[in-house]
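Biologist: Please take me through this model and give the cut-off behind each label.

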Amino acid sequence: MKSRLIRGLAAAGQLRVLAVDSKRLVEEARRRHTTSASATAALGRALSGAALLAQLLSKGRRERVTLIIDGDGPLGGLVAEAGVDGRVRGYVKNPDAEVEPRADGKLNVGALLGSGQLRVIRASASGEQYDSTVPLQSGEIAEDIAYYLWQSEQQPAALLLGVMLAPSGEVASAGGLLLQVTPDAGEEVLARLQDNLSRTAGFSSLLLERGLQGAAQEVLRGLDLEWRAPQAANLEELAIDFVCRCSREKALVALSYFTPQEREEMIAEDGGAEVVCHWCGAKYTFSPEQLRSLNAREQRCPDCGTLWYESRADGVEVVYPHERCKCGRKVDIVKESPSA
Ligand SMILES: [Zn+2]
Ligand SMILES: [Zn+2]
């Protein structure tokens with residue numbers, strides 16, 4: 001089944017409910033990055049958490065949320081990005097990093113990440129960016145995101161995230177449940193919720209046993225969970241996928257940051273160049289001819305080699321922003337006519 005996200009209300013609107021089944025998404029991430037068991041759990045929780053946060057925090061159809069976790073543990077950190085449109089991508093710094101499971105048998109994401117910080121960036125389509133950083137609480141990710149919501153967004157919420165692996169190493173279940181506590185929530189509802197949460201052993205095992213609706217129902221038992229009617233909103237069920245925004249053009253742009261001499265060295269040593277997208281693991285290879293074609297797109301200072309002008313492969317023109325080069329020479333850009 002495709003990864004999907006659904007919305008609901010509980011306790012007559014006192015709790016807002018977002019639930020995501022991200023098994024397919026997390027398996028895709030595992031496969032692309034060949035992550036170890038606990039790295040898969042860390043990345044899977046972060047991807048699922050980002051998908052939920054994007055729905056909770058975004059106001060427009062083209063907004064994005066990025067989670068950046070830096071920690072002193074063996075994983076070295078991770079990045080997860082989710083759009084409100086359901087496109088999610090992410091990576092970890094050390095995919096091979098592994099730690100012993102916890103005493104209760106769960107994958108030890110907290111030890112894998114160590115202590116550090118969680119940075120959350122919200123970006124709108126118009127380019128506005130909100131950026132906020134909180135210290136990691138446990139490194140188990142769900143608790144850290146809930147802490148961020150409380151500290152930076154003043155949004156009380158409970159968050160469950162889980163990834164379970166099959167003996168084969170493949171993802172058996174993955175998902176998350178975000179319960180936003182509205183200002184109307186009464187003592188009785190909060191006490192019930194707290195009690196229910198304390199009895200919930202793990203969201204991934206519930207998900208495996210009962211499916212997405214059933215797992216959420218179990219966590220919210222006694223709290224009158226209602227799924228949002230299909231006609232109530234166009235987001236009542238959203239497909240979630242691992243989708244990267246990389247392309248061949250962007251990969252070629254990355255090579256334009258090297259000097260022509262450096263590109264010649266790549267040709268001499270490797271017979272061309274390979275650019276690997278760190279977000280999704282896609283490989284783009286370029287022949288010597290394609291690498292040399294970059295030379296015609298740029299102009300450099302004859303004295304020091306500083307890039308003065310570039311007509312990039314993705315259509316953007318970059319011009320050196322000063323009258324004088326950093327070596328002191330007057331910048332003199334000669335743009336070739338298209339027919340030349
Ligand atoms: Zn990519
Ligand atoms: Zn110069």
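Modeller: A residue is buried if 20 or more other C-beta atoms lie within 10 Å of its own, exposed if 12 or fewer, and partly exposed in between, with C-beta atoms placed from the backbone. This is a predicted model, in which local features need pLDDT of at least 70, side-chain atom pairs count only at pLDDT 80 or more, and totals for chains, interfaces and linings use all residues. Residues are numbered from 1 along each chain as its sequence is written, and chains are lettered from A and ligands numbered from 1 in the order in which they are written.

Biologist: Why is aspartate 224 called partly exposed?

Modeller: Aspartate 224 has 14 C-beta neighbours inside 10 Å.

Biologist: What makes alanine 12 exposed?

Modeller: Alanine 12 has 12 other C-beta atoms within 10 Å, so it is exposed. Alanine 12 also has a positive phi, near 55°, and lies in the loop between strand S1 (3-10) and strand S2 (15-21). Strands (E, at least two residues) are DSSP runs, numbered from the N terminus.

Biologist: What is the average confidence of the protein chain?

Modeller: The chain averages a pLDDT of 92, and 96% of the residues score at least 70; pLDDT is the predictor's confidence in each residue, from 0 to 100.

Biologist: Which domains is the protein chain divided into?

Modeller: Domain 1 (3-242) and domain 2 (248-319), with bounds from an automatic or database domain assignment. Their centres, taken over C-alpha atoms, are 38 Å apart.

Note on methods:
Helix = DSSP H or I, 4+ residues; strand = E, 2+ residues; numbered from the N terminus.
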